[in-house]
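Me: I am new to this structure. Please walk me through it, one question at a time.

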Amino acid sequence: MSERIFLGIDLGGTNIKAGVADENANVISKVSIKTHRQDGVDAVVQRMCEAGREAVSQANLDISEIEAIGIGAPGTLNHKTGIIIAPPNFPDWQDVPIRDMVSKQLNNLPTTLENDANVAAWAEYWAGAGKGCDSLVMLTLGTGIGGGIILNGRIHRGFHDTAGEIGHMMIKVDDRPCVCGQTGCLEAYSSAMNIAKIATEAVKAGRESSLKKVLDAGQEITCKLIEEHLRAGDKLAAEIWDDACRYLAIGCIDIANVIDPEMIVFTGGMAKAGDLLLNAVRKHFQEIRSYVFSGIIPKLAISKFGSEAGFIGAAGAAKLARDLGEI
Ligand SMILES: [Zn+2]
């Protein structure tokens, strides 16, 4: 057997996911364990390696049969040095040389480190919704809005490794504040968490809606509930959803104007709404975009891999780094 096998490890704030994939993106094994980030850097890195070893063993392989390892991790990081600088969900982490720490515990295998949103986008480009596409941009609609950009068959990291911060494109300056310190960021209007926040504000301000029952019952309004109430005919839910999709469309128009990707892929909580999301974004995109470019619209799609894109893309990033001779 000459096929090369890669190990991907995705570090999340709650879970560590690891998996083994061959060079054609066939997933051979997958493992998910808790991160337990409160245990500190060394313990978390050890758990990443445990998850990696478990994935290799479940694939009936020996670690020596792995060609290379890819790590997907949150926050600001340096791809070249393999150092995580300051991940937002790991407040006690600073300048952690995670790539070399993992490699040392796993047979000194060649290892690469990428941003988690970048590896998720790479998974969709390599083998998912964007397979065969020339170029792709992915938006993760969760607590915030993350982004990954694939251009010319490569992960576009930018000069400072900070490209793809799509959630912080400012689309309505001096309006809603964003957690990043700016105002009017896309994610302040269109992330799953912020849509829930906007709906809660509207109901508390006295707008009529079936969502009031949720608050009256002492529960929180979530993006999923907004979708359910919309489908059941609630007008406020429909208005809030449509507004969020309009801002998303504005973000997509900006992306199209700057990058002109073949495809834009959505993932995360809000993307579970499928066509309800795609049709609304497409409608606003066509209505708002300049007539100069009318008819030019990127393909809009929902991710194939969902929450598994991280480890699959990390394995793919290891293959990419190997093919490019980086590791
Ligand atoms: Zn922001």
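Me: What covers the buried residues of H2?

Reply: This is a predicted model. In helix H2, residues 98-105, the buried residues are Ile98, Arg99, Met101, Val102 and Ser103. Their cover includes helix H1 (41-58). It also includes strands E1 (5-11), E4 (68-73), E6 (83-86) and E7 (111-115).

Me: Which residue just after H2 takes a positive phi?

Reply: The place to look is just past the end of H2. The phi there is about 60°. The residue is Asn107.

Me: How many helices and strands are there in the protein chain?

Reply: The protein chain has 327 residues, and 46% of them count as buried. Its secondary structure comes to 10 helices and 12 strands.

Me: What radius of gyration does the protein chain have, and why does it agree with a compact globule?

Reply: The C-alpha atoms fill a box of roughly 60 × 50 × 35 Å along the principal axes. For 327 residues, a compact globule would have a radius of gyration near 20 Å. The chain agrees with that because its own value is 20 Å.

Me: What percentage of contacts join residues at least 24 apart?

Reply: Take the contacts between residues at least 6 apart in sequence. Among these, the share that joins residues at least 24 apart is 63%.

Me: How far apart do the C-alpha centres of domain 1 and domain 2 lie?

Reply: The domain assignment gives domain 1 as 5-124 + 307-323. Domain 2 is 132-303. Their C-alpha centres are separated by 28 Å.

Me: Which element gives the largest share of the side of domain 1 that touches domain 2?

Reply: The contact takes 13 residues from domain 1 and 16 residues from domain 2. On the domain 1 side, strand E5 (76-78), H3 and H10 each supply at least two residues. By class, that side has seven nonpolar, four polar and two charged residues. The largest share, six residues, comes from H3.

Me: Why do H3 and H10 count as roughly perpendicular, and at what angle do they cross?

Reply: Helix H3 spans residues 116-127 and helix H10 spans residues 309-323. Their axes come within 7 Å. Angles of 65 to 115 degrees count as roughly perpendicular. The two helices are therefore roughly perpendicular, with a crossing angle of roughly 80°.

Me: How many nonpolar residues does the contact of H3 with H10 have?

Reply: H3 brings residues including Val119, Trp122 and Trp126. H10 brings others, among them Ile312, Gly313 and Ala317. Three of the contact residues are polar and two are charged. The nonpolar residues number nine.

How values were computed:
Residues are numbered from 1 along each chain as its sequence is written. This is a predicted model: local features need pLDDT of at least 70, side-chain atom pairs count only at pLDDT 80 or more; totals for chains, interfaces and linings use all residues. Axes are lines fitted to C-alpha atoms, for helices over the stretch in contact, and angles run from 0 to 180 degrees between N-to-C directions. Helices (H or I, at least four residues) and strands (E, at least two) are DSSP runs, numbered from the N terminus. Angles under 35 degrees count as roughly parallel, over 145 as roughly antiparallel, 65 to 115 as roughly perpendicular and the rest as oblique. Two residues are in contact if their C-beta atoms, placed from the backbone, lie within 7 Å. Ala, Val, Leu, Ile, Met, Phe, Trp, Tyr, Cys and Pro count as nonpolar, Asp, Glu, Lys and Arg as charged, and the others, Gly among them, as polar. Domain bounds come from an automatic or database domain assignment. The radius of gyration is taken over C-alpha atoms; the globule rule is 2.2 Å times the number of residues to the power 0.38. A residue is buried if 20 or more other C-beta atoms lie within 10 Å of its own, exposed if 12 or fewer, and partly exposed in between; C-beta atoms are placed from the backbone.
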